[in-house]
Amino acid sequence: MPFLDRLQRWAADRPDDTAVVVAGTHLSWSGLRDRAAALVPAAPAVTVLSEQNSTGFAVAFAAAVAGERQCAVLDPAWPRQLQDAITARIAGTAPAGPGPVDSQADGLVDGLVDGLVDGPRGTSFLIGLTSGTTSVPKAFTRSRRSWQESFDASIEFFGLTREDKTLAPGPLAASLNLYALAECLYAGAEFHTLAQFDVGAAHAAVVHDGITRLVLVPTMLRLLSERGLAGGVDASGIRSIICAGSKLDARTLEAARRWAPNATIFEYYGASELSFVSGAGLRPGEPVAPGGTGIGKPFPGVDIRILDDAGAELPEGRDGNICVRSRMVSNGYLWGDDGQALRCFDDWYTVGDQGYVAGGVLHMLGRRSDMIVTAGTNVYPHEVEMALASVPGVAAAVAAGMADDLRGQRVVAGVVPSHGAVTATQLKAGIEDMLARNKRPLEYFALTELPLTDRGKISRQLLLDWVDRGDARIRRLG
């Protein structure tokens, strides 16, 4: 495992059927099998794969995990110096072999087979990397068993079938899309992606390629939905939308339900080191609970507990470390673990995300490092942001803790209006019944755009920087 035995099966049963489509280029099941098999004899013990989206990426990845080989997938947009540093570190931790650690190397570890076959289930096959641009990201490993267990769980939860055609329009170097590719190869389902994310190209794939399933992040879903509605793009054939990265805000959810009226919209909580943890599916016509922090019930095969820092279980409703027990958890880190990145309490693992369980539903509050302590009250920005995002007229929101001599920190929030103007009075009234008084922002700002890192993630520190320097993208609301 995790998927090469399935690839062999689909190639034998349906050799000429399409397996992978990248930017209109089709690759059949037998074509994928044969091209990957041809690369295996020259594949090193550890391949460092840094390529743009292409059918060649799928071929190289399949060959790179054959036998007991391992693959590290790097973002080709990362600076060359960073990629070289990662490659050097991998070379220092890789099994001994006569060749260099490189996608073109031909050095093999003794005992590696040349065929396109899966290695033993307990062996590592993937070196995962956290996102990084200026510093070397942390690296962890995954076993073949962990991904097979993940495939079985996600196929059951999301209802993936061989008849589905999945479009994951983001970069294959990102774990969300790499997993979607491998999941489809395992399930025997057709996988589609683009050379790079482009709204028009994604719409064309939905309409002309019969896409039934989307896997993407919320920002992509909003763009596809809103522009699809404006342009009359027919998405009635989409049956499921799987969204990850952050909880869907009210505007994105509304647009997606209108654009793809027959789709069940799934959102889930997980982490690269833990795999899937919990999730929920909103079926067509089901009512939406605005502003909630709930992120569904445990995935198949996953147990969840909320533990304190000493490993003691907390009662229902009390927030603490979200800890999981499952067969999908990673092996741990090759480097970069400070003792807090992945902790274990007697087989219960946590990455430090904070939350609580109520009525069997996991509520996600965010990382402890993001927590705001104001006048002795712990406030998680995520719960403030979800409340504000449910207010009519708000497209998106971000909250942070600003230094305060009296309170220690005070909660401030920035919102991107969905249309026209929004006032502080509207925002205060909109969250009055959703947040306790001591968790509500004391200052509000209108933003022309969200403060994002170069990796597209919300930066709360950048919001504070904008406030400090009076950036043109931010305006205080009275």
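## Helix α10: a covered helix

Buried here means under 20% relative accessible area. The model is predicted, and its helix α10 spans residues 381–389. This helix is mostly covered: 9 of its 9 residues are buried. They are Pro381, His382, Glu383, Val384, Glu385, Met386, Ala387, Leu388 and Ala389.

An α-helix has 3.6 residues a turn, so residues three or four places apart point the same way.

## The sheet

An open sheet is built from 9 strands. Their order is β2-β1-β8-β7-β9-β10-β11-β12-β13, and the pairing is mixed. The edges are β2 and β13 (297–298), each of which pairs on one side only.

Helix α2 lies across β1 and β2 and runs at about 80 degrees to β2.

## Strand β1 and its two partners

What does β1 pair with? One partner is β2 (residues 25–28), joined in the antiparallel sense over 4 bridges. The other is β8 (residues 190–193), joined in the parallel sense over 3 bridges.

## Positive phi values

Most residues other than glycine have a negative phi, and most peptide bonds are trans. Alanine 23 takes a positive phi near 50 degrees. Alanine 23 belongs to the hairpin of β1 and β2, which has 2 residues between the strands.

Serine 275 also has a positive phi, near 70 degrees. This serine is found in strand β12 (residues 275–282). Is serine 275 buried or exposed? Its relative accessibility is 12%, so serine 275 counts as buried.

Alanine 375 has a positive phi of about 50 degrees, although it is not a glycine. Alanine 375 is found in the loop between β21 (372–374) and β22 (377–379). The cut-off for exposed is over 50%. Alanine 375 has 58% relative accessibility and therefore counts as exposed.

## Helices α2 and α3

Helix α2 (residues 29–39) and helix α3 (residues 55–64) have axes that come within 8 Å. The axes cross at roughly 55 degrees. That angle is why α2 is oblique to α3. The crossing is right-handed.

Which residues of α2 meet α3? They are Leu32, Arg35, Ala36 and Leu39. From α3 come Thr55, Gly56, Ala58, Val59, Ala60, Ala62 and Ala63. The residues of this contact divide into 8 nonpolar, 2 polar and 1 charged.

Terms used:
Residues numbered from 1 in each chain as written. Predicted model: local features only at pLDDT ≥ 70, side-chain atom pairs only at ≥ 80, totals over all residues. Heavy atoms only, no water. Buried < 20%, exposed > 50% of the residue type's maximum accessible area, 1.4 Å probe, protein only. Pairing = 2+ DSSP bridges. Axes fitted to C-alpha atoms, helices over the stretch in contact; angles between N-to-C directions. Parallel < 35°, antiparallel > 145°, perpendicular 65-115°, else oblique. Left-handed = near helix turned anticlockwise from the far one by under 90°. Contact = heavy atoms within 4.5 Å. Nonpolar A, V, L, I, M, F, W, Y, C, P; charged D, E, K, R; others polar.
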